[in-house]
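Q: I would like to learn how to read a protein model, one feature at a time. Could we look at one together?

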Amino acid sequence: MKLFKKVSDLRYHLQGLTNAKQTIGFVPTMGALHQGHLSLVERAKAKNDYVVVSIFVNPTQFNEASDLSTYPRTPVQDINQLIRTQCDFLFYPTSDDIYPPGLDTSVDIDFGILDKVMEGEHRPGHFVGVAQVVKRLLDIVQPTRLYLGQKDFQQFTILKHMIKTLGMDIKTVRCPIVREADGLAMSSRNVRLTPAHRAAAPKIRQVLLEAREMAGTHSPAAIKAYAMQTLQTEWLRPEYIEIVDRLTLSPLEEEFDFVRSAVACAAVWAGDVRLIDNIILF
Ligand code: AMP
């Protein structure tokens with residue numbers, strides 16, 4: 001695996017591959033890699049001639065300074081894990097490389113309600129930062145395919161919209177959520193859970209599975225109310241449970257439209273760690 005810190009060095013290498021008609025799969029991450037990230041790398045590896053992984057803890061997408069300062073950073077382990085997955089290129093830029101003074105990296109797109117509901121409502125400015133960094137990374141890497149996890153379902157929808165709106169010739173690939181044996185969705189933030197919160201956290205997945213069972217017989221509003229109530233426990237505090245149209249992210253309340261696909265999304269606090277998860281209901 002080759003490691004690049006400078007944009008110009010990476011560009012020089014990748015341009016040669018693009019000229020030779022090689023396909024490039026790209027996996028953007030914030031590091032502290034786990035099996036969820038690695039599953040994206042493996043998917044990319046299987047479909048493309050070359051795989052680029054980036055590790056950059058993007059300051060502009062954090063709406064809380066404490067979340068940024070406590071975000072886990074494990075560079076040595078990350079590099080070793082990527083070597084084992086046979087990743088070809090690791091891009092490990094500094095903030096100055098991504099946001100050089102004087103370069104306008106802002107993304108001015110109308111996302112409609114896509115960035116207003118759920119995470120957009122509860123994490124002001126988050127998706128502005130996500131769109132900004134991913135657009136910048138895509139301009140640098142110019143991949144054939146972009147690999148994103150369903151874990152961040154709304155992020156996937158927003159980035160797909162961005163790529164379409166900007167007319168970028170990049171295919172987005174949504175990869176399934178990788179979980180711990182007890183069902184907890186893998187996340188870099190999981191290492192910050194206390195033992196008691198870690199023991200309680202799989203309840204999120206259990207409630208989402210129940211939500212899927214209930215979808216045939218209950219209204220979205222009834223399922224949301226049940227899930228909010230069930231997740232409110234000694235160790236967990238649900239921030240929102242939302243049931244939305246899978247493509248438009250329009251919140252559903254009174255009834256399902258069974259012709260369209262629906263997703264249940266949850267954000268739950270376990271102590272001072274915020275966990276998100278989701279399930280496609282049908
Ligand atoms: P992050 O480092 O959290 O920004 O995540 C980088 C990419 O990995 C995003 O596309 C995430 O959706 C994806 N990802 C994170 N956790 C998981 C997981 N448990 N399963 C699958 N993909 C994941």
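This is a predicted model: local features need pLDDT of at least 70, side-chain atom pairs count only at pLDDT 80 or more; totals for chains, interfaces and linings use all residues.

A: Gladly! Strand β2 (residues 24-29) and strand β3 (residues 50-55) pair in the parallel sense, with six bridges between them.

Q: What holds strands together in a sheet, in general?
A: Strands of a sheet pair through backbone hydrogen bonds, and the pairing is either parallel or antiparallel. Here is a case to find on screen: Phe26 has Val52 of β3 opposite it.

Q: How does the chain get from β2 to β3, and what is the handedness of the crossover?
A: From β2 the chain passes through helix α2 (residues 35-47) and then reaches β3. This β-α-β crossover is right-handed.

Q: Which strand does β2 join over two bridges?
A: That is strand β5 (residues 145-149), which runs parallel to β2. To locate the contact, look for Gly25, whose bridge partner in β5 is Arg145.

Q: How many residues of β2 are buried?
A: Five of the six residues of β2 are buried, so the strand is mostly covered. A residue counts as buried when its relative accessible area is under 20%.

Q: Where do side chains point in a regular strand?
A: They alternate between the two faces of the sheet.

Q: What does a sheet with antiparallel pairing look like here?
A: Look at the open sheet of three strands, ordered β7-β8-β9, which has antiparallel pairing. β7 (237-245) and β9 (273-280) are its edge strands, each pairing on one side only. From one strand to the next, the twist averages 15°. Strand β8 (residues 262-270) is joined to β9 by eight bridges, and Ala266 has Asp277 as its bridge partner in β9.

Q: How do we learn where empty space is left?
A: The idea is to roll a probe the size of a water molecule over the atoms, which shows where empty space is left. In this model, a search of the whole structure finds one cavity of 30 Å³ or more. The largest cavity holds about 40 Å³ of space.

Q: Which residues line the largest cavity?
A: Its lining consists of Lys151, Leu184, Ala185, Ser187, Asn190, Ile204, Leu275, Ile276 and Asp277. β9 gives the largest share, three residues. By class, the lining of this cavity has five nonpolar, two polar and two charged residues.

Q: And how much space lies in the second largest pocket?
A: About 290 Å³ lies in the second largest pocket. Of the 13 residues lining this pocket, Phe156, Thr157, Lys160, His161 and Leu247 are the closest to its centre. α8 (153-165) and β6 (171-175) each supply at least two lining residues, and α8 gives the most, with six. The lining of this pocket divides into five nonpolar, four polar and four charged residues.

Q: Let us return to single residues. Is Arg84 buried or exposed?
A: Exposed residues have a relative accessible area over 50%. Arg84 has 65% relative accessibility, so Arg84 counts as exposed. Arg84 belongs to helix α4 (residues 75-84). Arg84 and Met1 are 83 residues apart along the chain, while 9.4 Å separates their C-alpha atoms.

Q: What about Ile109: buried or exposed?
A: Ile109 is buried because its relative accessible area is 14%. You will find Ile109 in the loop between α5 (95-98) and α6 (119-122). From Ile109 to Phe56 the separation is 53 residues in sequence and 23 Å in space, C-alpha to C-alpha.

Methods: Residues are numbered from 1 along each chain as its sequence is written. Side-chain values use heavy atoms; hydrogens and water are left out. Buried means under 20% relative accessible area, exposed over 50%, partly exposed in between (1.4 Å probe, protein chains only). Helices (H or I, at least four residues) and strands (E, at least two) are DSSP runs, numbered from the N terminus. Two strands pair if DSSP finds at least two bridges between them. A crossover is right-handed if, with the strands pointing away from the viewer, the path from the first strand over the helix to the second runs clockwise. On a 1 Å grid over the protein atoms alone, a cavity is a set of points where a 1.4 Å probe fits but cannot get out, and a pocket is an open set with protein on both sides within 12 Å along at least five of seven lines; lining residues have an atom within 4 Å of a point. Grid points are joined across faces, edges and corners, and a volume is the space filled by probe spheres set on the points. Ala, Val, Leu, Ile, Met, Phe, Trp, Tyr, Cys and Pro count as nonpolar, Asp, Glu, Lys and Arg as charged, and the others, Gly among them, as polar. Axes are lines fitted to C-alpha atoms, for helices over the stretch in contact, and angles run from 0 to 180 degrees between N-to-C directions.
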